[in-house]
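Here are some friendly notes to read alongside the model. Take the points one at a time, and keep the viewer open as you go.

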Amino acid sequence: MPREFALPGTRARYAPDRALDLGHYRIEVELFPDQRRLAGTTTITATVITPGLRRVELDAVELEIAAVSVDGVALPATGFAHDGQRLRIELGPARARGDALTLAVTYGARPRRGLYFTAPDAGYPDKPAMAWTQGQDQDSRHWFPCLDSPHQKATSEVIATVPAGWDVLSNGERQSDRRDGDRRTVGWRLAIPHSCYLVTLVAGDLATVEDRWRDLPVTYHAVRGREADAQRTLARTPAMLELFSRLFGVAYPYPRYAQVFVADFIFGGMENTSATTLTDSVLLDARAALDHDIDALVAHELAHQWFGDLVTCRDWGEGWLNEGFATYAEYLWREHHEGRDAADLELDEWAHSYFGEDGGRYRRTVATKLYDEPIDIFDHHLYDKGGRILHMLRAELGDDGFWATLAHYLGKHRHGLVETRDLARAVEDATGRVVDGFFSQWIVDGAGHPELKVTLTWDGDTGRLEARVEQTHKVEGKTPLFRLSTRLRCRVGAADVDVPLTIEDRLHVVHVPLATEPTQAIFDPGTVILAAVETSKSIGLWTGQLHGATLAIDRIHAARALGKQAGTAATQALGRALGGDRFWAVRGAAAEALGAIRGDDARTALIRALVDEAHPRARRAIARALGSFRRDPIAGAALAAVVERGDASYFVEAEACLALGKTRVAEAPALLRRAAERPSYTDVIRQHAFRGLAEARDDGAVDVLTAGTAWGRPSQGRRAAIGALAILARGRRDRDAVRIRERVEELLDDPDFRVQSAAIEGLATLGDAAAIVALDRLIAQAGDGRLRRRGREVVRDLAERTAHGEELGRLRDELTELKGQYATLRDRLGKLEGLTAPRPPAPRARSARTRAAPRPAATPRRRR
Ligand SMILES: [Zn+2]
């Protein structure tokens, strides 16, 4: 039984009372970067909802309250009280419903959250000096007093005074810009109500790239000198604005759209209304752009302007209405820009991430009130599963029904708040379909996903294809027997014949009469359903699918199935796909499958492809596949050549590093140490070189890796070094391992949030319960809820963990080695037999689709 999501003591959380109907926030602040301090006055106008209201409580964490006034009258000290978390303001005589109210609070702060200052230091002398805010989930209260929950919406103004050399960005439109000596004051206003977690202030010496969509200003902002990278990274924004305005049936609703890159951002991006913040670590240089883009992140944050900003989840328990749509928009952009085949790869990745969390961390309903902090539910259930559910809903309603639903939903709830039932009602209003059952099983009441065993068999006597679909998962807790609608696709001659299937029982059997024996039989073409599927069918049907399926994702799944097949037929079919499929990802999947099969023929095909393959993304997969040839000098040499001479693509070079480490050939450690010195986009080469050193079990690398964790090194490399050290010391208790654990424990206090997060994962990997003391200390003092939640999980897991982790590790290594030897022997035997005996009849083949082994639990992907 998968683990429960709710930790001991978790209570249901509901939106707080709404005594006031907010009107407007006027936030005037002055920033003092050198002291990491701010001061200012926030003025809130509102209308009373609760009859007889006598006091108001504002969220105001660690603000130093200097003065409070109500309707312009300053209150005496007895008229307000602040407990460090909330500011209580006495209103005097009871207010009537509908009364107007103006509250003004003057305060100062040295915020630990909400507003962040960055500056160069001894470790990072080139780090830009700037300030930026991050409100979500509930951190706006750390830099201005507010009613900090999504169901409180208001228009806003931000007027910020900063050093003269800085510019200021915020929501809406620039209203004013005044210089006064060494200070500059810039004012912004958004005349459309939004939740205060979406209020933003970014200040620094920023350069601006101007772009346009229709007659709307679209701007990109980054530190001086990165303008070209910003343009390169965000150039497709106008096309995305055009697409989403068309698909969603509502034009982009704000007066401009800005995107600004900031240093040390604690997320990948944040969809602040009309002004998205992005981490500067993803800015693309020309070489990175060869085979990488951040379109998914850009599309995600942009789509939030509709789903989240214009129409907002009423409380965080309904957060999937923000994140599910923003995630699905990544698919919609990819589908439009590169085609369905490229988009379907996202589906696979989402399933992989969600399955990893569900199998390795916890299971929960997608909409839930049971959480300690809102940030706890910003996980793969919310994003990845949310995105997959919307993809299923689109298939269920058809494209016209789906777009009509979105247009109706956005139009009806524009500037408003939504719950899951509002989307279900929008489907009904727009299409007449009642999908309450669908929402119940996938979002509100049901948790988990179906596990399906599919058997497809052709019966030449009756001329029928039999399809048996069995739901094999345990129906327990919140996991139901699912009702699924999908199709069975048969290729008869040159045509695809699709047969609709509705599965709602434990076992579902259909017989499909066909004119001739099909060359393909595919359950759920395009992998629309979010399910762990194990399919059993003839090797002929698998190779037919690999070479001829209409959708690339189906060809990819055939490659994976054949990768679990021993023997020449599978190797030859995969070799053909590796050399000839029209889509790079199918060639890549064929490569990975050959890596799983191993043997001389597979290796030969891979080494040839490593040289011939033009598409860098396919080349990455080929390099990765060669990593499975443990202690194979030929595979090792091919990888070493790539590591030594480099590759046009950062990512191919990086994959070759990790794969080289995995081969454990003698020359690997020295080469990897050299590669670890090469600067690269997001430090990807150093990251993989470090992981390669761990995979090579190179104990001599402890010093290099420990040095790699030092303050002043690139953040991504530091994190990879922690992970590598943990792998090297996993399950060990010797002096070296203790030294490593202590170093990782030190990093729990690192100023870099992501390094802290990596340190927690490192201690989870190390598996030494002695780390519990340090973890408990972190849980008690960490500012970021993600660290607290993950820390609690790891402490629980360490406390439960058994003593024989080390033995397990050794056995695992031995098994990997034996498998390699077996593959070589099997190959040679096959050749010998081929020379002497007649060929046996074709075997039946099994395959698992998307049943990924649970990934080690990790914090969700970079997007926000
Ligand atoms: Zn998001």
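1. Let's start with rings. Rings of Phe, Tyr and Trp (its six-membered ring) pair if their centres lie within 6.5 Å; planes under 30 degrees apart count as stacked, over 60 as edge-to-face and the rest as tilted. Searching the whole structure turns up 30 aromatic pairs. In one of them, the ring centres of F5 and Y362 are 4.7 Å apart and the planes meet at 70°, so this pair is edge-to-face. F5 belongs to the segment before β1 (20-32), and Y362 to the loop between α5 (340-360) and α6 (381-413), 357 residues apart. Helices (H or I, at least four residues) and strands (E, at least two) are DSSP runs, numbered from the N terminus.

2. A word on what you are looking at. This is a predicted model, in which local features need pLDDT of at least 70 and side-chain atom pairs count only at pLDDT 80 or more, while totals for chains, interfaces and linings use all residues. Residues are numbered from 1 along each chain as its sequence is written, and side-chain values use heavy atoms, leaving out hydrogens and water.

3. Are F5 and Y362 buried or exposed? Both are buried (under 20% relative accessible area, with exposed over 50% and partly exposed in between; 1.4 Å probe, protein chains only).

4. Now look at F248 and W306. Their ring centres are 5.2 Å apart with planes at 75°, so they too are edge-to-face. F248 is buried at 1% relative accessible area, and W306 is buried at 0%.

5. Next, a sheet. Three strands form an open sheet in the order β26-β25-β28, with antiparallel pairing (two strands pair if DSSP finds at least two bridges between them). β26 (495-503) and β28 (520-523) are at the edges, each with a single partner strand, so one side of each has no neighbour in the sheet. C490 stands opposite A521 in β28, and C490 is buried at 0% relative accessibility.

6. Finally, how many disulfides are there? The count is zero, where a disulfide is a pair of cysteine sulfur atoms within 2.5 Å. Take C313: the closest cysteine sulfur, in C196, is 13 Å from its own, too far for a bond.
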